[in-house]
Amino acid sequence: VNLSSSAQRLLGRTRDAVDRFAFAPASAAPLAALRAGLAAVLLAQAASVAPAFLDFYSSRGILQDPVRGAFSDRGPLCLTWLVDAFSRIGAGETPVLAGVAIVYVLALLALLVGLGTRAAAAIAWLVHLMLMTTAHGTTYGLDQFALTLLFHLVWMPAGAAFSLDRRLGRAPADPSPMARFALRVLQLNLCIVYLISGISKAMGPQWWNGDAVWRSLMLPEFEQLDFSWLANHPWAPKAAGWAVLLVESGYPIFIWPRLTRRIWLAAAVALHLGIALFMGLHLFGAIMVVFNVAAFGAPATPAPGSAVARRWALRLLASLGAIVLAAELLAMVRAAAEKDNTTVPITDVTLVERPSPE
Amino acid sequence: MAEKELSWRRKRALLGVAAAHLGVAAAGGLMFDWGSTTAGRAIAYYGELSGTNSPYSFFAPEIDAMPWATFEVNEGDGRTTTDTLETGASREADLRTRNLFSPFLQLEEGWQRPVAASMAGKILARHPDAEGVVMRVKSCALPTMEDYRKGARPGWLIEYEAEIAPRAKVDDSAQEEKEGTP
């Protein structure tokens with residue numbers, strides 16, 4: 001009887017601990033930070049990619065229609081399927097692709113200001129997935145993280161703070177158990193990312209001997225400044241490599257205690273700012289900063305006076321949204337006007353391969 | 001509009017879903033193969049849709065040089081110029097273009113030739129009078145810090161090379177040759 005009651009007490013305490021950890025009511029502010037931050041990064045990405053949009057996604061782009069499946073099995077979720085469907089009612093490829101781009105940008109803007117948040121997240125996720133599938137060979141880590149985070153936003157109550165949905169009374173008031181639960185999933189997902197990234201880096205010699213840092217700063221595709229002087233101070237890239245291993249592998253442990261959380265968060269943010277500045281991977285750096293700040297940097301407990309802050313944040317987001325919309329439309333119109341989407345079809349060329357030198 | 005309290009039953013269901021989702025993310029990170037059973041394919045597809053199939057091993061375990069392609073254009077008037085698929089419109093667009101060459105080098109032979117022809121097609125369209133282009137995919141051979149101190153400097157390794165010409169130009173020159181033959 002005693003054993004059974006002890007076991008029951010233990011079970012009850014475990015259940016309470018799990019309940020507090022996963023469902024203690026929390027503000028949706030961190031989720032709103034993720035929503036707005038991710039939308040801002042993806043809008044910036046859309047503006048950057050706009051000049052080459054048709055090169056990547058059109059059947060007359062870099063990869064012409066017959067070879068567009070060379071890099072992956074594209075399945076039904078690719079833009080070709082959509083273009084084919086619209087061609088049956090006489091729509092050309094370019095207007096359909098332009099329509100997709102406009103829908104994507106509008107969905108991201110709605111996410112930015114939190115208007116119809118779940119629907120906007122679902123549309124942005126689906127279009128992002130289609131864009132990734134269509135031009136699979138051009139994608140990289142940024143796209144993968146964006147897809148994961150957009151997928152999270154579909155079911156998270158990210159419109160419950162700093163949003164027009166909240167202002168219009170369409171979103172539940174925070175704090176809520178679902179906001180805490182969503183935040184925990186986000187946090188654990190980020191811990192998995194860093195643990196695996198840290199371990200896989202530690203499995204090669206380059207991050208231990210400093211070569212990885214040397215290469216990331218000196219390879220022409222990443223080189224932003226002349227870091228050749230590091231060759232005379234090899235201890236510096238070596239120390240930086242060890243620091244990266246420590247920050248990433250230690251993240252799942254040291255991000256949780258209050259004592260070390262700020263240090264680890266600051267270190268992770270500094271790491272990604274470094275990647276953005278010194279490797280020129282601006283948007284990849286930005287999305288990881290957003291992921292970190294939303295997961296562990298934004299307060300999940302509302303502070304006094306937050307209602308005023310919220311109003312101002314909302315106004316700021318609305319203004320930012322309007323500016324970004326104007327800039328996006330301008331960039332798209334300019335790109336469309338300047339774009340000469342021509343190519344010479346594969347069938348109109350001959351190709352002779354030369355043997356590669358040993 | 002306040003959110004209703006969650007029952008413990010619903011909380012348990014949510015915890016189960018979250019555990020499964022994070023399990024797929026962890027398995028994706030470890031590059032776990034879900035196999036070809038219906039359930040395995042369904043989980044793998046969920047990983048693709050949710051983005052949790054990523055190995056997260058960016059810049060790991062090593063940082064490899066990203067291949068890059070140049071196109072040496074024979075302009076047809078005796079001049080030779082060098083062009084690239086990257087247009088310099090934005091760092092992001094150029095990075096994405098450059099991303100194509102790493103998987104290009106891994107393509108099977110059946111794919112590599114038409115993909116190279118397709119890429120060259122973009123260049124030939126920019127140079128309508130060109131007689132042809134030589135496409136070179138190359139990677140930077142960066143010396144180690146120790147070798148750099150000893151005087152070694154970065155160089156380029158050519159990993160793929162092909163000559164591509166517009167069929168019309170090839171036909172024209174064949175015709176000219178034929179006519180010139182006694």
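Modeller: Let us start with B:Ser54, which is buried at a relative accessible area of 3%. Please keep in mind that this is a predicted model.

Biologist: Why is B:Ser54 called buried?

Modeller: The label applies to residues under 20% relative accessible area. B:Ser54 has 3%, so the residue counts as buried. Its place is in the loop between helix 2 (38-50) and strand 1 of chain B.

Biologist: Which residues is B:Ser54 in contact with, leaving aside its neighbours within four places in sequence?

Modeller: These are A:Gln144, B:Gly28 and B:Gly29. Contact here requires heavy atoms within 4.5 Å.

Biologist: What makes the pair B:Lys11 and A:Asp19 a salt bridge?

Modeller: The cut-off is 4 Å between a side-chain nitrogen of Lys or Arg and a carboxyl oxygen of Asp or Glu. The closest N and O atoms of B:Lys11 and A:Asp19 are 2.8 Å apart, so the pair qualifies. The pair crosses between chains, from helix 1 (residues 8-29) of chain B to helix 1 (residues 2-23) of chain A.

Biologist: Why do B:Lys11 and A:Asp19 carry the accessibility labels that they do?

Modeller: B:Lys11 has a relative accessible area of 9% and is therefore buried, being under 20%. A:Asp19 stands at 23%, between the cut-offs of 20% and 50%, and therefore counts as partly exposed.

Biologist: How do you know that B:Arg98 and A:Glu221 form a salt bridge?

Modeller: Their closest N and O atoms are 3.8 Å apart. The limit is 4 Å, so this pair also meets the criterion.

Biologist: How many residues does each chain give to the contact between chain A and chain B?

Modeller: Chain A gives 101 residues and chain B gives 85. Between them the two chains bury about 8,100 Å², with 65% of that area on carbon and sulfur atoms.

Biologist: What makes the sheet an open one with edges, and which strands stand there?

Modeller: Five strands form the open sheet in the order 1(A)-4(B)-3(B)-1(B)-2(B), and the pairing is antiparallel. Strand 1 (349-354) of chain A and strand 2 (80-83) of chain B each have a single partner strand, so one side of each lacks a neighbour in the sheet. Neighbouring strands of this sheet are turned by 25 degrees against each other on average, direction ignored.

Biologist: How do you know that strand 1 and strand 3 of chain B pair?

Modeller: Pairing requires at least two bridges. Strand 1 (residues 68-74) and strand 3 (residues 132-141) of chain B have seven bridges in the antiparallel sense, so they count as paired. B:Thr70, for example, stands opposite B:Arg136 in strand 3 of chain B.

Biologist: What does B:Arg136 form with B:Glu72?

Modeller: B:Arg136 forms a salt bridge with B:Glu72, the closest N and O atoms being 2.9 Å apart. B:Arg136 lies in strand 3 and B:Glu72 in strand 1 of chain B, so the pair ties together parts that are 64 residues apart in sequence. At 17% relative accessibility B:Arg136 counts as buried, whereas B:Glu72, at 31%, is partly exposed.

Biologist: How many disulfides does the structure hold?

Modeller: Over all chains there are zero disulfides.

Note on methods
Residues are numbered from 1 along each chain as its sequence is written. Chains are lettered from A and ligands numbered from 1 in the order in which they are written. This is a predicted model: local features need pLDDT of at least 70, side-chain atom pairs count only at pLDDT 80 or more; totals for chains, interfaces and linings use all residues. Side-chain values use heavy atoms; hydrogens and water are left out. Helices (H or I, at least four residues) and strands (E, at least two) are DSSP runs, numbered from the N terminus. Axes are lines fitted to C-alpha atoms, for helices over the stretch in contact, and angles run from 0 to 180 degrees between N-to-C directions. Buried means under 20% relative accessible area, exposed over 50%, partly exposed in between (1.4 Å probe, protein chains only). A disulfide is a pair of cysteine sulfur atoms within 2.5 Å. Buried area is the accessible area (1.4 Å probe) that two parts lose on being put together, summed over both.
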